[in-house]
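The points are numbered and may be taken one at a time.

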Amino acid sequence: MDQLPLTTLAGSAAASLEGGGRVVDTYKRALATAASVAAYAMLARGMARELLPEELRAAVRWGAAFVRARLGAGDKERHTIVIRRQFDGGYSENHLFDAARSYLATKIDPRAMRRLCLARSRHKEPDGTSSWSTLLCMDDGGSTTDAFDGVEFKWTSIETGGDDGKKGKGHRTPRETLELSFDAEHTDMALERYVPFIMSTAEQLQRLDRALKIFMNEGRSWHGINHHHPATFDTLAMDPALKRAVLDDLDRFLKRKEYYRRIGKAWKRGYLLHGPPGTGKSSLVAAMANYLRFNLYDLDLSEVRLNSALQRILIAMPNKSILVIEDIDCCFDAKSREDPKMPVSADAGNSSDSSDDDGPPGKADHTGAHKQQNVTLSGLLNFIDGLWSTSGEERIIVFTTNYKDRLDPALLRPGRMDMHIYMGFCCWEAFKTLARNYHLVDDHVLFPEIQELLAAVEVTPAEVSEMLLRSEDADVALRVLTEFLQNKRRKARKEETEIKNDEEEPVEKAM
């Protein structure tokens, strides 16, 4: 056999050793690079925890989960929840189907889907008015994705059971179904958190879209009409700090269902609005209704004869509603609980139509007093804070009065009237809100003088609003308001002078 020279073998061995050394060096450099990258990653993660807000970090986690779901969807087990429009053989409506469709209408991007269903429905109100609603939904076979807490959920619309357009006696209507698909590891989240979230969101959407109503009691039942009062907290002329406090209290109340249940109290909240006539008590009630999207129930106690009838009509109120009793001081004998022997005041049988009526309450209507004689303050308090207070939940109770000092102390304590809101005379901040509402002005050459006059005289927001309505020209309207305030200041000074002279006159005669 031919043999290779020794020099050739030695050269080959040296080359192999040199190549192996380069591989080892490359491997070492790769390990060093990986270690550096890992160290930088740990450093970046620590800095992100310290510097980036939780919202941004949550968005990053969601993006990472989305990428992982896209890249590894085929490797994971998937579960599907079938939500049929009807169940029980087609005799019962599935409310989850309607809720899911309303929810998905807010998530569908019309530009990203080739086929969509568009529906418009007309709802006729009992008072003859009508409203239209529009719904955007997926067509048969359409699908969309939704992300919840970093987890991707896929929705698909399917129609089954139809006869392909055939008509006749045996024709079957296609059954609409929504399928919710997700990774099997997220089954608990889907059932315990995602589905309840969809139901609550759909309920909020429905409440925002519906027309608000105001109900009045007639006999033993409620009769309602659409409520179109435009008042909102943005347009309400009141002290900004007080306005913020009311909004915060309402928001806190809405979030405390489990809290009220844990402490053993009925889920309700009471507000007492008090102050001179014309200070915006009724407007605040309307703003609360528009903010919460709760219907109003305006209770006229002169229409109720017995405590038992009062209980029945109050129990008939649904949840998520506002009970309003205006001029509560005129509905009962304010001192009856303290002194039974005290005669009924002339105001006990008179219930005015609005808390903002000018002047003190008029004389009692004896017919009304006779009708109302068996309805007591105790009967009302039993519903507000007694055994009957748990007959409903998520209710707001509002009493208004021009004369807080006439009310029974039992009505004023916490647990019945939880928040007392004084609606006072027009302040500078309230005037700026009115000027912006009526004439879209935030500053004017007359503002400094108006601010000085408002600090010197007592004028209600209703009076200021009337002056601003006198002209559509902001300059003219503000000049009219300035003259009105100047006249009120002159009149107030004149009255002060007359009172002072009357006080000094007896002293001079005595001397």
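1. Helix H8 (residues 307-315) packs against helix H10 (residues 377-385) at an angle of about 30°, and their axes lie 9 Å apart. Helices (H or I, at least four residues) and strands (E, at least two) are DSSP runs, numbered from the N terminus. Axes are lines fitted to C-alpha atoms, for helices over the stretch in contact, and angles run from 0 to 180 degrees between N-to-C directions. H8 and H10 are therefore roughly parallel to each other; angles under 35 degrees count as roughly parallel, over 145 as roughly antiparallel, 65 to 115 as roughly perpendicular and the rest as oblique. The crossing of H8 and H10 is right-handed, that is, the near helix is turned clockwise from the far one by less than a right angle.

2. The model is predicted: local features need pLDDT of at least 70, and side-chain atom pairs count only at pLDDT 80 or more, while totals for chains, interfaces and linings use all residues. Residues are numbered from 1 along each chain as its sequence is written, and side-chain values use heavy atoms, with hydrogens and water left out.

3. On the H8 side of the contact are Asn307, Leu310, Gln311, Leu314 and Ile315, which meet Gly379, Leu380, Asn382 and Phe383 of H10; contact means heavy atoms within 4.5 Å. The contact of H8 with H10 comprises five nonpolar, four polar and no charged residues. In this classification Ala, Val, Leu, Ile, Met, Phe, Trp, Tyr, Cys and Pro count as nonpolar, Asp, Glu, Lys and Arg as charged, and the others, Gly among them, as polar.

4. Which residues of H10 are buried? They are Leu377, Gly379, Leu380, Leu381, Phe383 and Ile384, where buried means under 20% relative accessible area, exposed over 50% and partly exposed in between (1.4 Å probe, protein chains only). Their cover includes E11, H8, E13, E14 and helix H11 (409-412).

5. H12 passes H13 in a right-handed crossing. Trp428, Phe431 and Ala435 of H12 make the contact with Phe447, Ile450, Gln451 and Leu454 of H13. By class, the residues of the contact of H12 with H13 are six nonpolar, one polar and no charged.

6. Seven strands form an open sheet with mixed pairing, in the order E10-E9-E12-E13-E14-E11-E15; two strands pair if DSSP finds at least two bridges between them. Strand E10 (221-226) and strand E15 (419-422) are the edge strands, each pairing on one side only. Neighbouring strands of this sheet are turned by 25° against each other on average, direction ignored. Within the sheet, strand E11 (residues 268-274) and strand E14 (residues 395-401) are paired in the parallel sense over seven bridges, and Tyr271 stands opposite Val398 in E14.

7. Two helices may be checked against this sheet. Helix H5 (residues 240-254) packs on the sheet, touching E11, E14 and E15, and its direction makes about 155° with that of E15. Helix H7 (residues 281-292) lies across E11, strand E12 (295-298), strand E13 (321-325), E14 and E15, and runs at about 170° to E14.

8. Another open sheet has four strands with antiparallel pairing, in the order E1-E8-E7-E6. Its edge strands, strand E1 (78-84) and E6, each pair on one side only. The twist averages 25° from one strand to the next. E1 and strand E8 (residues 175-183) run antiparallel and are joined by seven bridges, with Asp183 in E8 as the bridge partner of Arg78. Helix H3 (residues 95-105) touches E1, E6, E7 and E8, at about 70° to the direction of E8. Helix H4 (residues 187-209) lies across E1, E6, E7 and E8 and runs at about 70° to E7.

9. E6 and E7 form a hairpin with two residues between them, and Asp149 in the turn has a positive phi of about 50°. The bridge partner of Thr144 in E7 is Trp155.
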